[in-house]
Amino acid sequence: MPKFQKAVDSWNEKHGETYLFQCPGCDCSHRISTTLGKRKEGPTWTFNGDLDKPTCTPSLLVRWNYGQDQTKQVCHSFIKDGKIQYLNDCTHKLAGQTVEIPDWEMKSRCDVDVIGEDND
Ligand SMILES: [Zn+2]
């Protein structure tokens, strides 16, 4: 079963091929822009093209604000061979753990699904 789902929308024209996956730490989907396809603007990640056992580099950093009080959330991970390795700076329950990425299923999208490089 695929863990990554290719996103088909206008993002692809601007950002190359983008993919969605379910993040079990945040309980919502994240979107990643890859170096596949024609490439454009914004940060991109390498993707081995294997929807069942995705590997991406470099690390993925997601920052978003949760709930009415806009609590700052951090989700920082490596994706390798279909597994997601969460680093210790994650604010969610799976910080420091490595888990299998769930089979793709759209549950909910994070309000802010931008994935930035860890450059700050
Ligand atoms: Zn996450």
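Two strands count as paired if DSSP finds at least two bridges between them. Helices (H or I, at least four residues) and strands (E, at least two) are themselves DSSP runs, numbered from the N terminus. With that in hand, here is a friendly tour of this predicted model, in which strand β2 (residues 18–23) and β3 pair in the antiparallel sense over six bridges. Local features are given where pLDDT is at least 70 and side-chain atom pairs count only at pLDDT 80 or more, while totals for chains, interfaces and linings use all residues. Residues are numbered from 1 along each chain as its sequence is written.

**Overview and confidence**

- The protein has one helix and nine strands.
- Read from the N terminus, its elements follow the order β-α-β-β-β-β-β-β-β-β.
- The average pLDDT (the predictor's confidence in each residue, from 0 to 100) is 84 for the protein, and 80% of the residues score at least 70.
- Contacts are pairs of residues whose C-beta atoms, placed from the backbone, lie within 7 Å. Of the contacts with a separation of 6 or more, 46% join residues 24 or more positions apart.

**The sheet of β1, β2 and β3**

- Strands of a sheet pair through backbone hydrogen bonds, either parallel or antiparallel.
- Here three strands make an open sheet, ordered β1-β2-β3, and the pairing is antiparallel.
- β1 (5–6) and β3 (28–33) each have a single partner strand and stand at the edges, so one side of each has no neighbour in the sheet.

**The nonpolar core**

- A nonpolar core is a set of buried Ala, Val, Leu, Ile, Met, Phe, Trp, Tyr and Cys residues joined through C-beta atoms within 7 Å.
- The largest such core has 18 residues, and those with the most contacts inside it are Y19, F21, I32, W45, C56, L60 and C75.
- Two or more residues of this core come from each of β2, β5 (56–66), β6 (71–80) and β7 (83–86).
- β5 provides the largest share of this core, four residues.
- Leaving out residues up to four places away in sequence, C75 touches C23, G25, C26, V62, C90 and H92.

**Pairing of β5, β6 and β7**

- β5 and β6 pair in the antiparallel sense over eight bridges, and L61 stands opposite H76 in β6.
- β6 also pairs with β7 in the antiparallel sense, over four bridges, and here K80 stands opposite K83 in β7.

**Backbone details worth a look**

- The peptide bond from T57 to P58 is cis, with omega near -5°, and P58 lies in strand β5.
- The hairpin of β5 and β6 has four residues between the strands, and G67 in this hairpin takes a positive phi near 75°.
- Q70, in the loop between β5 and β6, has a positive phi near 55° and is a residue other than glycine.
- Q70 counts as exposed because it has 9 C-beta neighbours inside 10 Å.
- In the hairpin of β6 and β7 there are two residues between the strands. D81 sits in the loop between β6 and β7 and takes a positive phi of about 50° although it is not a glycine.
- D81 has 12 C-beta neighbours inside 10 Å and therefore counts as exposed.

**A close-up of I79**

- I79 lies in strand β6 and is buried, with 23 other C-beta atoms within 10 Å.
- I79 and P54 are 25 residues apart along the chain, and their C-alpha atoms are separated by 6.9 Å.
- Not counting residues up to four places away in sequence, I79 touches P54, T55, C56, L60 and I84.

Methods: Buried ≥ 20, exposed ≤ 12 C-beta atoms within 10 Å, placed from the backbone. Contact = placed C-beta atoms within 7 Å.
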